[in-house]
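Reader: I want to learn how to read a structure, feature by feature. Where do we start?

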Amino acid sequence: MTDPHSFNPSRLPSTGGRSDTRLDHYVDSYAQRTHKMTASAVRSLFSVANRPEVVSLAGGMPNIADLPLGKVGNLLDELIQRDGARIMQYGSGQGELQIREQICEVMAEEQIRAHPDDVVITAGSQQGLDLVTRIFCDPDDVVLVEAPSYVGALGTFKSYQTQISHVAMDDQGLDPDALRQVVTSLRDQGRRVKFLYTIPNFNNPAGITQPTERRREILQVAEDLDLLIVEDNPYGLLTIDGEPLPAMRSMETDRVIYLGSFSKTFAPGFRVGWVLAPHAVREKLVLAQESATLCPPVFSQFAISEYLAKHDWRGQIRQYRDMYRERRDAMLQGLTENMPQGTTWTHPTGGFFVWVTLPQGVDSQKMLPRAVTARVAYVPGDAFFADGFGSRHMRLSYCFPTPERIIEGTRRLGEVIADEMRINEVFGITDDHRLHSNPTPGPSPDIS
Ligand SMILES: Cc1ncc(COP(=O)(O)O)c(C=O)c1O
(Lines give C-alpha, C1' and ligand atoms only; values in the text may rest on other atoms or scores of the structure.)
Protein backbone atom coordinates (compact mmCIF):
# COMPACT_ATOMS: atom_id res chain seq x y z
CA MET A 1 0.00 0.00 0.00
CA THR A 2 1.31 3.47 -0.79
CA ASP A 3 1.48 6.09 1.91
CA PRO A 4 -1.01 8.87 0.94
CA HIS A 5 1.27 11.45 2.55
CA SER A 6 4.40 10.50 0.67
CA PHE A 7 5.46 12.58 -2.33
CA ASN A 8 4.24 11.00 -5.54
CA PRO A 9 5.18 12.87 -8.73
CA SER A 10 2.51 11.04 -10.75
CA ARG A 11 -0.15 12.90 -8.75
CA LEU A 12 1.13 16.23 -10.09
CA PRO A 13 -0.57 17.79 -13.15
CA SER A 14 1.30 17.00 -16.38
CA THR A 15 3.28 20.25 -16.25
CA GLY A 16 4.21 19.52 -12.64
CA GLY A 17 2.39 22.73 -11.61
CA ARG A 18 4.82 24.73 -13.73
CA SER A 19 3.51 27.38 -16.09
CA ASP A 20 4.13 26.42 -19.72
CA THR A 21 4.78 29.93 -20.96
CA ARG A 22 8.36 31.07 -21.49
CA LEU A 23 7.38 34.74 -21.51
CA ASP A 24 8.82 36.59 -18.54
CA HIS A 25 6.20 39.00 -17.19
CA TYR A 26 8.76 40.49 -14.83
CA VAL A 27 11.32 41.38 -17.42
CA ASP A 28 11.12 45.11 -16.59
CA SER A 29 11.05 44.56 -12.86
CA TYR A 30 14.36 42.89 -12.16
CA ALA A 31 17.03 44.85 -10.30
CA GLN A 32 19.84 46.34 -12.36
CA ARG A 33 22.28 43.93 -10.75
CA THR A 34 20.63 40.97 -12.45
CA HIS A 35 21.41 42.36 -15.89
CA LYS A 36 24.97 41.12 -15.74
CA MET A 37 24.00 37.69 -14.48
CA THR A 38 24.40 35.51 -17.54
CA ALA A 39 24.11 31.78 -18.01
CA SER A 40 27.22 30.15 -19.39
CA ALA A 41 27.20 30.11 -23.17
CA VAL A 42 28.36 26.50 -23.09
CA ARG A 43 25.82 25.21 -20.61
CA SER A 44 23.68 23.61 -23.31
CA LEU A 45 26.71 21.71 -24.59
CA PHE A 46 27.46 20.47 -21.10
CA SER A 47 24.38 18.29 -20.97
CA VAL A 48 25.87 16.50 -23.99
CA ALA A 49 29.34 16.63 -22.46
CA ASN A 50 28.09 14.70 -19.45
CA ARG A 51 27.07 11.69 -21.53
CA PRO A 52 29.16 8.63 -20.67
CA GLU A 53 30.65 8.32 -24.18
CA VAL A 54 32.11 11.83 -23.91
CA VAL A 55 35.40 12.25 -22.01
CA SER A 56 34.71 15.37 -20.02
CA LEU A 57 37.83 17.36 -19.23
CA ALA A 58 35.49 20.26 -18.52
CA GLY A 59 34.02 19.99 -15.02
CA GLY A 60 36.04 20.69 -11.88
CA MET A 61 34.21 18.31 -9.56
CA PRO A 62 36.39 16.95 -6.76
CA ASN A 63 36.90 13.21 -7.00
CA ILE A 64 35.58 11.86 -3.72
CA ALA A 65 35.29 8.22 -4.72
CA ASP A 66 38.01 7.29 -2.20
CA LEU A 67 36.18 8.69 0.82
CA PRO A 68 35.48 5.95 3.38
CA LEU A 69 31.70 6.37 3.23
CA GLY A 70 31.03 3.61 5.77
CA LYS A 71 33.19 5.39 8.30
CA VAL A 72 31.70 8.81 7.55
CA GLY A 73 28.21 7.27 7.86
CA ASN A 74 29.06 5.80 11.28
CA LEU A 75 30.45 9.12 12.48
CA LEU A 76 27.29 10.93 11.42
CA ASP A 77 25.10 8.26 12.98
CA GLU A 78 26.89 8.57 16.33
CA LEU A 79 26.77 12.35 16.10
CA ILE A 80 23.01 12.41 15.53
CA GLN A 81 22.31 9.89 18.32
CA ARG A 82 24.48 11.89 20.68
CA ASP A 83 23.75 15.49 19.76
CA GLY A 84 20.93 15.50 17.18
CA ALA A 85 18.68 18.04 18.87
CA ARG A 86 21.49 20.58 19.18
CA ILE A 87 23.06 20.16 15.77
CA MET A 88 19.76 20.49 13.93
CA GLN A 89 18.97 23.81 15.61
CA TYR A 90 19.77 27.34 14.46
CA GLY A 91 23.28 28.35 15.43
CA SER A 92 25.66 31.27 15.58
CA GLY A 93 25.84 33.70 12.66
CA GLN A 94 29.61 33.50 12.81
CA GLY A 95 29.59 29.69 12.85
CA GLU A 96 30.21 27.23 15.68
CA LEU A 97 33.23 27.80 17.91
CA GLN A 98 34.29 24.15 17.82
CA ILE A 99 34.80 24.08 14.05
CA ARG A 100 36.37 27.53 14.02
CA GLU A 101 39.02 26.22 16.41
CA GLN A 102 39.65 23.18 14.23
CA ILE A 103 39.89 25.41 11.16
CA CYS A 104 42.75 27.25 12.83
CA GLU A 105 44.56 23.89 13.03
CA VAL A 106 43.85 23.22 9.35
CA MET A 107 45.22 26.65 8.39
CA ALA A 108 48.37 25.98 10.45
CA GLU A 109 49.30 23.49 7.69
CA GLU A 110 49.97 26.57 5.56
CA GLN A 111 51.70 28.41 8.37
CA ILE A 112 48.77 30.64 9.23
CA ARG A 113 48.48 31.60 12.87
CA ALA A 114 44.93 32.71 13.56
CA HIS A 115 42.41 33.09 16.34
CA PRO A 116 38.99 31.38 16.06
CA ASP A 117 37.36 34.77 16.79
CA ASP A 118 38.52 35.99 13.39
CA VAL A 119 36.99 33.09 11.44
CA VAL A 120 33.51 33.30 9.91
CA ILE A 121 31.92 30.12 8.56
CA THR A 122 30.31 30.33 5.14
CA ALA A 123 28.34 28.05 2.82
CA GLY A 124 31.42 27.13 0.80
CA SER A 125 34.10 29.66 -0.05
CA GLN A 126 31.76 30.78 -2.82
CA GLN A 127 29.58 32.39 -0.17
CA GLY A 128 32.71 33.88 1.38
CA LEU A 129 33.36 35.59 -1.93
CA ASP A 130 29.80 36.85 -2.04
CA LEU A 131 29.92 38.27 1.50
CA VAL A 132 33.29 39.95 0.98
CA THR A 133 32.05 41.58 -2.22
CA ARG A 134 28.80 42.58 -0.55
CA ILE A 135 30.53 44.44 2.28
CA PHE A 136 33.19 46.14 0.15
CA CYS A 137 31.80 46.87 -3.29
CA ASP A 138 29.43 49.48 -4.62
CA PRO A 139 28.45 49.52 -8.29
CA ASP A 140 31.36 50.58 -10.53
CA ASP A 141 34.02 49.89 -7.91
CA VAL A 142 36.95 48.03 -9.43
CA VAL A 143 37.97 44.51 -8.45
CA LEU A 144 41.32 43.26 -9.73
CA VAL A 145 41.63 39.63 -10.78
CA GLU A 146 44.26 37.48 -12.44
CA ALA A 147 44.13 36.94 -16.19
CA PRO A 148 42.54 34.35 -16.27
CA SER A 149 40.50 33.96 -13.08
CA TYR A 150 37.90 31.70 -11.45
CA VAL A 151 34.61 31.91 -13.32
CA GLY A 152 32.54 31.74 -10.11
CA ALA A 153 34.33 34.78 -8.71
CA LEU A 154 33.79 36.73 -11.93
CA GLY A 155 30.06 35.92 -11.67
CA THR A 156 29.90 37.19 -8.10
CA PHE A 157 31.79 40.39 -8.89
CA LYS A 158 29.51 41.05 -11.87
CA SER A 159 26.39 40.44 -9.80
CA TYR A 160 27.46 43.33 -7.54
CA GLN A 161 27.94 45.52 -10.64
CA THR A 162 31.66 45.95 -10.08
CA GLN A 163 34.10 46.64 -12.88
CA ILE A 164 36.53 43.77 -13.27
CA SER A 165 40.08 44.55 -14.30
CA HIS A 166 42.47 41.73 -15.21
CA VAL A 167 46.11 41.75 -14.18
CA ALA A 168 48.63 39.85 -16.30
CA MET A 169 50.30 36.65 -15.11
CA ASP A 170 53.56 34.98 -16.03
CA ASP A 171 54.74 31.48 -15.25
CA GLN A 172 55.00 32.42 -11.55
CA GLY A 173 51.46 33.75 -11.36
CA LEU A 174 50.27 37.32 -10.92
CA ASP A 175 52.87 39.81 -12.16
CA PRO A 176 53.64 42.37 -9.39
CA ASP A 177 54.85 45.01 -11.87
CA ALA A 178 51.65 44.69 -13.88
CA LEU A 179 49.69 44.96 -10.63
CA ARG A 180 51.44 48.19 -9.71
CA GLN A 181 50.88 49.59 -13.16
CA VAL A 182 47.18 48.65 -13.32
CA VAL A 183 46.36 50.06 -9.88
CA THR A 184 48.25 53.28 -10.55
CA SER A 185 46.64 53.77 -13.91
CA LEU A 186 43.12 53.06 -12.59
CA ARG A 187 43.61 55.46 -9.69
CA ASP A 188 44.93 58.10 -12.06
CA GLN A 189 41.61 57.75 -13.88
CA GLY A 190 39.79 58.38 -10.59
CA ARG A 191 38.60 54.77 -10.20
CA ARG A 192 38.07 53.20 -6.78
CA VAL A 193 39.99 49.94 -6.60
CA LYS A 194 38.50 47.87 -3.78
CA PHE A 195 40.66 44.75 -3.69
CA LEU A 196 42.81 42.28 -5.54
CA TYR A 197 41.32 38.79 -5.77
CA THR A 198 44.02 36.16 -6.20
CA ILE A 199 44.32 32.35 -6.17
CA PRO A 200 48.01 31.82 -5.30
CA ASN A 201 47.90 28.00 -5.33
CA PHE A 202 47.16 26.06 -8.52
CA ASN A 203 45.09 28.88 -9.95
CA ASN A 204 41.72 27.91 -11.37
CA PRO A 205 41.93 27.80 -14.38
CA ALA A 206 45.64 28.43 -15.06
CA GLY A 207 47.12 25.71 -12.81
CA ILE A 208 49.93 28.13 -11.88
CA THR A 209 51.32 28.62 -8.36
CA GLN A 210 52.97 31.76 -7.02
CA PRO A 211 56.33 30.84 -5.40
CA THR A 212 56.88 32.23 -1.90
CA GLU A 213 59.08 35.07 -3.13
CA ARG A 214 56.40 36.15 -5.63
CA ARG A 215 53.83 36.26 -2.82
CA ARG A 216 56.15 38.59 -0.90
CA GLU A 217 56.52 40.85 -3.92
CA ILE A 218 52.76 41.08 -4.39
CA LEU A 219 52.30 41.84 -0.69
CA GLN A 220 54.93 44.57 -1.00
CA VAL A 221 53.03 46.19 -3.88
CA ALA A 222 49.83 45.95 -1.84
CA GLU A 223 51.60 47.62 1.08
CA ASP A 224 53.02 50.39 -1.13
CA LEU A 225 49.63 51.05 -2.74
CA ASP A 226 47.48 50.44 0.33
CA LEU A 227 45.58 47.65 -1.41
CA LEU A 228 43.45 44.94 0.18
CA ILE A 229 44.03 41.34 -0.94
CA VAL A 230 41.46 38.56 -1.03
CA GLU A 231 43.39 35.27 -1.04
CA ASP A 232 41.22 32.37 -2.26
CA ASN A 233 42.77 29.06 -1.38
CA PRO A 234 40.54 26.03 -1.82
CA TYR A 235 43.29 23.82 -3.31
CA GLY A 236 46.35 24.76 -1.23
CA LEU A 237 46.64 21.46 0.66
CA LEU A 238 46.25 19.42 -2.52
CA THR A 239 49.88 19.69 -3.51
CA ILE A 240 51.01 17.01 -5.90
CA ASP A 241 54.73 17.84 -5.85
CA GLY A 242 56.26 19.03 -2.59
CA GLU A 243 54.74 20.49 0.55
CA PRO A 244 52.15 23.30 0.83
CA LEU A 245 53.61 26.80 0.56
CA PRO A 246 53.04 29.45 3.22
CA ALA A 247 49.78 31.29 2.55
CA MET A 248 49.91 35.04 1.89
CA ARG A 249 47.87 35.44 5.07
CA SER A 250 50.73 33.81 7.01
CA MET A 251 52.98 36.71 5.98
CA GLU A 252 50.54 39.58 6.46
CA THR A 253 47.51 39.73 8.76
CA ASP A 254 45.93 43.16 8.29
CA ARG A 255 45.84 43.43 4.54
CA VAL A 256 44.73 39.91 3.60
CA ILE A 257 41.29 38.34 3.75
CA TYR A 258 41.68 34.59 3.42
CA LEU A 259 39.05 32.22 2.01
CA GLY A 260 39.21 28.50 2.80
CA SER A 261 37.01 25.50 2.05
CA PHE A 262 36.44 21.84 2.86
CA SER A 263 35.07 21.22 -0.63
CA LYS A 264 38.29 19.87 -2.12
CA THR A 265 40.01 18.42 0.96
CA PHE A 266 36.92 16.58 2.23
CA ALA A 267 33.66 16.88 0.24
CA PRO A 268 31.79 19.77 -1.40
CA GLY A 269 28.25 18.65 -0.53
CA PHE A 270 28.45 19.84 3.07
CA ARG A 271 28.94 23.40 1.77
CA VAL A 272 31.33 24.52 4.48
CA GLY A 273 34.00 27.12 3.87
CA TRP A 274 35.32 30.03 5.87
CA VAL A 275 36.68 33.54 5.81
CA LEU A 276 39.57 34.63 8.02
CA ALA A 277 39.54 38.40 8.21
CA PRO A 278 40.98 41.27 10.22
CA HIS A 279 38.81 41.80 13.27
CA ALA A 280 36.77 44.82 12.11
CA VAL A 281 36.07 43.21 8.75
CA ARG A 282 35.03 40.03 10.51
CA GLU A 283 32.31 41.94 12.36
CA LYS A 284 30.84 43.27 9.12
CA LEU A 285 31.00 39.78 7.60
CA VAL A 286 28.97 38.31 10.46
CA LEU A 287 26.28 40.97 9.95
CA ALA A 288 26.23 40.18 6.23
CA GLN A 289 26.07 36.45 6.97
CA GLU A 290 23.15 36.94 9.34
CA SER A 291 21.20 38.87 6.75
CA ALA A 292 22.00 36.27 4.08
CA THR A 293 21.34 33.04 5.99
CA LEU A 294 20.77 33.81 9.71
CA CYS A 295 23.51 31.28 10.33
CA PRO A 296 25.64 29.00 8.15
CA PRO A 297 24.46 25.34 7.99
CA VAL A 298 24.79 24.03 11.54
CA PHE A 299 24.44 20.34 10.80
CA SER A 300 27.19 20.48 8.17
CA GLN A 301 29.53 22.27 10.54
CA PHE A 302 29.13 19.62 13.22
CA ALA A 303 29.45 16.85 10.63
CA ILE A 304 32.78 18.26 9.45
CA SER A 305 33.90 18.91 12.99
CA GLU A 306 33.25 15.25 13.87
CA TYR A 307 35.13 14.16 10.75
CA LEU A 308 38.12 16.30 11.68
CA ALA A 309 38.10 15.05 15.27
CA LYS A 310 37.64 11.34 14.55
CA HIS A 311 39.13 10.70 11.13
CA ASP A 312 42.73 10.92 9.99
CA TRP A 313 41.98 13.92 7.77
CA ARG A 314 45.64 14.55 7.04
CA GLY A 315 45.96 10.93 5.82
CA GLN A 316 42.84 11.45 3.69
CA ILE A 317 44.43 14.51 2.08
CA ARG A 318 47.60 12.49 1.37
CA GLN A 319 45.41 9.89 -0.33
CA TYR A 320 43.71 12.58 -2.42
CA ARG A 321 47.12 13.93 -3.40
CA ASP A 322 48.27 10.52 -4.66
CA MET A 323 45.05 10.08 -6.61
CA TYR A 324 45.31 13.52 -8.24
CA ARG A 325 49.03 13.02 -8.95
CA GLU A 326 48.23 9.95 -11.02
CA ARG A 327 45.64 11.91 -12.99
CA ARG A 328 47.86 14.97 -13.44
CA ASP A 329 50.64 12.73 -14.75
CA ALA A 330 48.21 11.10 -17.18
CA MET A 331 47.11 14.52 -18.40
CA LEU A 332 50.66 15.75 -18.98
CA GLN A 333 51.63 12.49 -20.68
CA GLY A 334 48.50 12.62 -22.88
CA LEU A 335 49.17 16.21 -23.86
CA THR A 336 52.81 15.48 -24.68
CA GLU A 337 51.82 12.53 -26.84
CA ASN A 338 48.82 14.02 -28.58
CA MET A 339 48.92 17.80 -28.93
CA PRO A 340 49.79 19.21 -32.34
CA GLN A 341 52.81 21.45 -32.67
CA GLY A 342 52.22 25.00 -31.57
CA THR A 343 50.08 23.97 -28.59
CA THR A 344 51.48 24.76 -25.13
CA TRP A 345 50.22 24.09 -21.62
CA THR A 346 50.98 24.74 -17.98
CA HIS A 347 52.47 22.12 -15.61
CA PRO A 348 50.47 22.27 -12.38
CA THR A 349 52.08 21.08 -9.15
CA GLY A 350 48.70 20.59 -7.48
CA GLY A 351 44.99 21.35 -7.81
CA PHE A 352 42.83 20.19 -10.71
CA PHE A 353 43.60 22.19 -13.87
CA VAL A 354 45.85 22.60 -16.89
CA TRP A 355 45.61 25.72 -19.05
CA VAL A 356 46.19 25.12 -22.73
CA THR A 357 47.21 27.73 -25.31
CA LEU A 358 46.16 26.71 -28.80
CA PRO A 359 48.08 27.25 -32.04
CA GLN A 360 47.56 30.62 -33.69
CA GLY A 361 44.10 30.91 -35.23
CA VAL A 362 42.41 28.08 -33.33
CA ASP A 363 39.41 29.37 -31.37
CA SER A 364 38.39 27.15 -28.45
CA GLN A 365 34.84 28.51 -28.32
CA LYS A 366 34.16 27.86 -32.00
CA MET A 367 35.84 24.45 -31.82
CA LEU A 368 33.76 23.18 -28.89
CA PRO A 369 30.81 21.72 -30.86
CA ARG A 370 33.28 19.79 -33.04
CA ALA A 371 35.12 18.55 -29.95
CA VAL A 372 31.92 17.36 -28.31
CA THR A 373 31.00 15.58 -31.55
CA ALA A 374 34.41 13.88 -31.28
CA ARG A 375 33.40 12.94 -27.70
CA VAL A 376 35.68 15.17 -25.70
CA ALA A 377 34.78 18.32 -23.74
CA TYR A 378 36.67 21.22 -22.17
CA VAL A 379 35.91 24.75 -20.99
CA PRO A 380 36.77 27.47 -23.55
CA GLY A 381 39.19 30.07 -22.19
CA ASP A 382 36.96 33.10 -22.58
CA ALA A 383 34.81 31.87 -19.66
CA PHE A 384 37.67 32.97 -17.38
CA PHE A 385 37.90 36.54 -18.59
CA ALA A 386 35.41 39.32 -17.97
CA ASP A 387 36.12 40.99 -21.28
CA GLY A 388 35.89 38.40 -24.06
CA PHE A 389 39.61 37.66 -24.16
CA GLY A 390 40.85 34.08 -23.95
CA SER A 391 39.40 32.24 -26.92
CA ARG A 392 42.83 30.91 -27.86
CA HIS A 393 42.92 29.07 -24.53
CA MET A 394 41.05 26.25 -22.84
CA ARG A 395 40.89 24.78 -19.37
CA LEU A 396 41.33 21.02 -19.00
CA SER A 397 40.56 19.32 -15.68
CA TYR A 398 42.16 16.07 -14.70
CA CYS A 399 40.42 15.66 -11.35
CA PHE A 400 37.57 13.38 -12.29
CA PRO A 401 38.14 10.91 -15.18
CA THR A 402 40.37 7.85 -14.79
CA PRO A 403 43.95 8.15 -16.11
CA GLU A 404 43.04 5.97 -19.12
CA ARG A 405 40.08 8.19 -20.00
CA ILE A 406 42.23 11.31 -19.58
CA ILE A 407 44.76 9.98 -22.09
CA GLU A 408 41.97 8.99 -24.48
CA GLY A 409 40.45 12.47 -24.04
CA THR A 410 43.72 14.17 -25.00
CA ARG A 411 43.99 11.87 -28.04
CA ARG A 412 40.53 12.92 -29.25
CA LEU A 413 41.27 16.55 -28.49
CA GLY A 414 44.58 16.42 -30.37
CA GLU A 415 42.76 15.18 -33.48
CA VAL A 416 40.12 17.92 -33.25
CA ILE A 417 42.78 20.63 -32.92
CA ALA A 418 44.78 19.16 -35.82
CA ASP A 419 41.59 19.14 -37.98
CA GLU A 420 40.95 22.74 -37.01
CA MET A 421 44.47 23.68 -38.09
CA ARG A 422 43.97 21.92 -41.44
CA ILE A 423 40.72 23.85 -41.99
CA ASN A 424 42.58 27.07 -41.22
CA GLU A 425 45.30 26.11 -43.70
CA VAL A 426 42.77 25.52 -46.46
CA PHE A 427 40.47 28.46 -45.82
CA GLY A 428 42.83 30.91 -44.14
CA ILE A 429 42.87 31.87 -40.48
CA THR A 430 39.59 33.40 -39.36
CA ASP A 431 41.20 34.99 -36.35
CA ASP A 432 38.94 37.46 -34.65
CA HIS A 433 39.79 40.44 -32.48
CA ARG A 434 39.40 38.54 -29.23
CA LEU A 435 42.49 36.47 -29.85
CA HIS A 436 44.75 39.45 -29.52
CA SER A 437 42.96 41.97 -27.39
CA ASN A 438 44.93 42.94 -24.33
CA PRO A 439 42.83 42.57 -21.19
CA THR A 440 44.91 44.84 -19.00
CA PRO A 441 46.65 48.16 -19.35
CA GLY A 442 49.80 46.15 -18.60
CA PRO A 443 51.53 43.56 -20.80
CA SER A 444 49.51 40.74 -22.39
CA PRO A 445 49.06 37.71 -20.18
CA ASP A 446 51.63 35.07 -20.96
CA ILE A 447 50.77 32.08 -18.93
CA SER A 448 51.71 29.22 -21.20
C1 LIG B 1 39.15 29.10 -6.96
C2 LIG B 1 37.86 28.65 -6.35
N3 LIG B 1 37.31 29.38 -5.38
C4 LIG B 1 36.16 29.03 -4.80
C5 LIG B 1 35.48 27.89 -5.21
C6 LIG B 1 34.19 27.56 -4.53
O7 LIG B 1 34.33 26.45 -3.70
P8 LIG B 1 33.32 26.07 -2.56
O9 LIG B 1 32.22 27.08 -2.55
O10 LIG B 1 32.81 24.72 -2.89
O11 LIG B 1 34.10 26.12 -1.29
C12 LIG B 1 36.01 27.10 -6.23
C13 LIG B 1 35.29 25.91 -6.70
O14 LIG B 1 35.61 25.29 -7.67
C15 LIG B 1 37.24 27.48 -6.81
O16 LIG B 1 37.82 26.77 -7.79
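Reader: Does N204 count as buried or exposed?
Author: First, the rule: buried means 20 or more other C-beta atoms within 10 Å of a residue's own, exposed means 12 or fewer, and partly exposed lies in between, with C-beta atoms placed from the backbone. N204 has 25 C-beta neighbours inside 10 Å, so N204 counts as buried. Keep in mind that this is a predicted model, in which local features need pLDDT of at least 70 and side-chain atom pairs count only at pLDDT 80 or more, while totals for chains, interfaces and linings use all residues. Residues are numbered from 1 along each chain as its sequence is written.

Reader: Where is the place of N204?
Author: N204 is in the loop between β7 (193–198) and α7 (212–225). Those labels are DSSP runs numbered from the N terminus: helices are H or I of at least four residues, strands E of at least two.

Reader: Which residues does N204 touch?
Author: Contact means C-beta atoms, placed from the backbone, within 7 Å. Leave out residues up to four places away in sequence, and N204 touches G60, Y150, I199, G351 and F353. N204 and W355 are 151 residues apart in sequence, yet 8.9 Å apart in space, C-alpha to C-alpha.

Reader: What kind of peptide bond joins N204 and P205?
Author: Check omega. The bond is cis, with omega about 20°. P205 sits in the loop between β7 and α7. Another cis bond runs from A147 to P148, with omega near 10°. P148 is in the loop between β3 and α5 (151–159).

Reader: Which phi value does F202 have?
Author: Phi of F202 is positive, about 50°, although F202 is not a glycine. F202 too is found in the loop between β7 and α7. F202 counts as buried because 26 C-beta neighbours lie inside 10 Å. Now take Q161, in the loop between α5 and β4. Phi of Q161 is positive as well, near 60°. With 17 C-beta neighbours inside 10 Å, Q161 counts as partly exposed.

Reader: Now helices. How far apart are the end C-alpha atoms of α6?
Author: Expected span is 1.5 Å times one less than the number of residues. Helix α6 (residues 176–188) has 13 residues and should span 18 Å; its end C-alpha atoms are 18 Å apart, which agrees. Just after α6, G190 takes a positive phi of about 85°.

Reader: Which residues of α6 are buried?
Author: P176, A178, L179, R180, V182 and V183. Residues three or four places apart in an α-helix point the same way. The cover over the buried residues of α6 includes β3 (142–146), β4 (163–167), β6 (173–174), β7 and α7.

Reader: How far apart are the end C-alpha atoms of α2?
Author: Only 21 Å, for 19 residues (69–87); a straight helix would reach 27 Å. Look for a bend, the angle between axes fitted to the seven residues ending at a residue and the seven starting there. Helix α2 has a kink of about 65°, centred on Q81. Helix α2 is also hardly covered: one of its 19 residues is buried.

Reader: And strands. Which residues of β2 point one way, and which the other?
Author: In a regular strand the side chains alternate between the two faces of the sheet. In β2 (residues 119–122), V119 and I121 point one way, V120 and T122 the other, and all are buried. Pairing needs at least two DSSP bridges. Four bridges join β2 to β10 (residues 273–276), and the two run antiparallel. The partner of I121 in β10 is W274.

Reader: What is the order of the open sheet of four strands?
Author: The order is β11-β12-β15-β14, with antiparallel pairing. The edges are β11 (344–345) and β14 (379–380); each has a single partner strand, so one side of each lacks a neighbour in the sheet. Two bridges join β14 to β15 (residues 393–397). V379 has R395 as its bridge partner in β15.

Reader: Last, how many residues has the largest nonpolar core?
Author: A nonpolar core joins buried Ala, Val, Leu, Ile, Met, Phe, Trp, Tyr and Cys residues through C-beta atoms within 7 Å. The largest has 105 residues; L144, L179, V275, A371, A377, Y378 and L396 have the most contacts inside it. Domain 1 (41–60 + 315–424) and domain 2 (83–311) each supply at least three residues to this core; such bounds come from an automatic or database domain assignment. Beyond its neighbours within four places in sequence, A377 contacts A49, V54, S56, L57, A58, A371 and V372.

Note on methods: Two residues are in contact if their C-beta atoms, placed from the backbone, lie within 7 Å.
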